[in-house]
Amino acid sequence: MEHISQRAPLQQTQASSGNTGPLIIITTLFFMWGLLTALNDVLIPHLKALYTLNYVQAMLVQFCFFGAYFLVSLPAGMLIKKIGYQNGAVAGLVIAAAGCALFYPASMSGYALFLLGFFVLAAGITILQVAANPYVTVLGDARTASSRLTLTQAFNSLGTTVAPTLGGILILSSDVTDRAAQAASVQGPYLALAGALLLLALMFAFARLPKIDYAEEVTAVAAGSKASALSHPQLVMGSIGIFLYVGGEVSIGSFLINFLGEPNIASMPADTAAHFVSYYWGGAMVGRFIGFLVMRYVSPGKTLAFNAAASMALILVAIFGHGQTAMWAILAVGLCNSIMFPTIFSMALYRLGNLTGQASGILCMAIVGGAIVPFAQGLLADSIGLQLSFLMPLLCYTFVLYFGVKYAGLYSAGEQP
């Protein structure tokens with residue numbers, strides 16, 4: 001999943017020079033939070049089996065993780081306004097490290113402490129995103145900011161791609177049958193991640209970074225203009241679109257390992273299935289480059305509608321098919337996901353002028369869909385079965401299709417929103 005800053009425009013108050021080192025550090029941050037987010041897809045089936053959970057209980061992982069985006073987003077902005085962007089990034093890294101460290105006692109305690117760990121980890125990532133995103137734009141020439149953002153997003157996608165395979169190797173093991181040993185399998189990897197985050201915090205604290213001032217959002221609006229961002233229909237629809245898209249994307253990833261383990265799909269052990277989850281997230285990385293080329297000639301709305309329709313068709317095959325056909329159909333949805341988040345985001349913000357900062361914050365809070373939709377699919381999975389429960393993400397992509405069609409003419413191919 002891509003991450004876009006929700007802050008108002010920023011001002012650089014110090015000339016930037018020798019930015020290669022700081023850019024490497026920030027690109028590493030993007031990689032790390034992609035890795036940490038996608039590792040949830042491995043831990044959900046692991047904890048489900050470990051604590052004999054039903055699907056609703058297992059989806060509390062995503063509920064706690066993405067719920068933090070909603071609850072911490074605004075306080076994060078206030079914190080960064082008070083302590084500054086560089087200190088804010090350090091604080092986010094330290095809090096995320098504390099969340100990872102909580103997995104050690106949780107492995108000897110119970111599921112509730114794991115859920116607290118997920119919330120603390122996600123709270124740190126939320127603060128980190130709000131603080132670190134702006135640095136990408138100021139670490140170099142403004143004319144090449146877009147290419148730097150593309151680079152950092154590519155490394156975020158790389159993190160989500162390698163995480164399931166790495167998690168499958170380090171955490172999921174079909175050879176371990178002792179319950180205590182299964183619980184302990186998370187200790188080493190998450191302590192290592194905590195250490196890596198603390199090391200990054202030290203590097204960020206001592207890095208020579210350009211000073212960035214928090215730019216206040218313009219509150220006065222031109223006479224006759226709409227004073228509230230929510231009075232713009234495309235923003236309201238776009239917020240719903242972000243909520244449902246993120247929810248659908250996260251929900252599919254959350255259930256993939258269990259889905260591939262179904263007897264009528266692939267009967268895969270969890271550690272083997274984890275490798276295939278990397279195809280799902282890797283497809284999004286590949287599709288981003290394809291989408292970049294396509295949208296030079298096809299309007300974003302039409303591209304979005306096509307991808308949503310393709311996702312719906314693939315999910316239907318996964319719901320009513322079986323074997324390799326159903327397996328590869330659901331994995332291919334990742335390829336279609338690639339352009340959805342940034343496209344919905346940019347269409348929703350189109351020509352909002354001085355309301356863009358407020359609107360961007362609303363859209364970022366809509367990421368809470370990643371907490372709600374997997375929970376709803378869990379309810380369906382417990383009541384009507386895992387395969388049919390994919391009707392939930394199917395409904396999510398139906399709205400994305402509607403949004404793409406409705407605003408297909410919002411701006412043309414190649415036009416900047």
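**View A. An aromatic cluster formed by Tyr51, Phe103, Tyr111, Phe114, Phe118 and Tyr190**. These six side chains belong to one cluster, where rings of Phe, Tyr and Trp (its six-membered ring) pair if their centres lie within 6.5 Å, and planes under 30 degrees apart count as stacked, over 60 as edge-to-face and the rest as tilted. The structure is a predicted model, in which local features need pLDDT of at least 70 and side-chain atom pairs pLDDT 80 or more, while totals for chains, interfaces and linings use all residues. Residues are numbered from 1 along each chain as its sequence is written, and side-chain values use heavy atoms, leaving out hydrogens and water.

**View B. The edge-to-face pair of phenylalanine 259 and phenylalanine 390**. The structure holds 20 aromatic pairs; in this one the ring centres are 5.0 Å apart and the planes stand at 65°, so the pair is edge-to-face. The pair links distant parts of the chain, 131 residues apart, with phenylalanine 259 in helix 11 (residues 233–260) and phenylalanine 390 in the loop between helix 17 (369–384) and helix 18 (391–406); helices (H or I, at least four residues) are DSSP runs, numbered from the N terminus. Phenylalanine 259 is buried at 0% relative accessible area, and phenylalanine 390 is buried at 0% (buried means under 20%, exposed over 50%, partly exposed in between; 1.4 Å probe, protein chains only).

**View C. Lysine 48 over the ring of tyrosine 55**. The charged end of lysine 48 sits 4.4 Å from the ring centre of tyrosine 55, where a charge sits over a ring if NZ of Lys or CZ of Arg is within 6 Å of the ring centre and within 35 degrees of the ring normal.

How values were computed:
Helix = DSSP H or I, 4+ residues; strand = E, 2+ residues; numbered from the N terminus.
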